[in-house]
Amino acid sequence: VVPRSMICIDISTNQGRDTVGSLVWFEAGRPRKAEYRKFKIKGEAQQDDYAAIHEVLTRYLTRRQEEQLPLPDLIVIDGGKGQLSAAAAAAAELGAGHIPMISLAKREEEIFFPGRPDSLRLSRRAPSLRLLQRIRDETHRFGVAYNRKRRTQRTITSALLDIPGVGPTRRRVLLER
């Protein structure tokens, strides 16, 4: 069965700070930007890529199931075997282990499947690999942009805290402008 809808998940961090998760949805090979989601990673998961993947997928699938929204035909994880295992565990815990899942490792463009020790390597020119690369790169771009925004908000806010006479109201007004 050829997947019509796919999501891809990536984690973006800046030395363990401002860790965020990004999720993009592609339908029939095209992005559906209304379905893009970004996640602030909470607690211990900020330091752990696997825990962050687990958190993002858990939060996403829980919400989709609660709101009775359609689930994707394929879940793509940006990373290798470890990230894929964390995602597969999250899906299984929520009873969504039936959704096909793969991971795409960047260095060699290897595709991993849950429960299989060996990876799949497609030709660099294969249209299916190109599509997976495109969705992975879009997820990465979306996540890095959100990570930068979070980092900028934190650094600007912290600089305003040091100015005497600038209280919460004035700080909010300055940040809005």
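Visitor: In which strand is Lys-38 placed?

Guide: Lys-38 lies in strand S4, residues 37–40; a strand is a DSSP run of E with at least two residues, and a helix a run of H or I with at least four, both numbered from the N terminus. The model is predicted: local features need pLDDT of at least 70, side-chain atom pairs count only at pLDDT 80 or more, and totals for chains, interfaces and linings use all residues. Residues are numbered from 1 along each chain as its sequence is written, and side-chain values use heavy atoms, without hydrogens and water.

Visitor: Why is Lys-38 called partly exposed?

Guide: Buried means under 20% relative accessible area and exposed over 50%, with partly exposed in between (1.4 Å probe, protein chains only). Lys-38 has a relative accessible area of 43%, and is therefore partly exposed.

Visitor: How much of the chain is buried?

Guide: Of its 177 residues, 41% count as buried.

Visitor: What makes up the helices and strands of the chain, and in which order do the elements run?

Guide: The chain holds four helices and seven strands. From the N terminus, the order is β-β-β-β-α-β-α-β-β-α-α.

Visitor: How do you know which contacts join residues at least 24 apart?

Guide: A contact means heavy atoms within 4.5 Å. Among contacts between residues at least 6 apart in sequence, 58% join residues at least 24 apart.

Visitor: What are the dimensions of the C-alpha trace?

Guide: Along its principal axes, the C-alpha trace spans about 60 × 35 × 30 Å.
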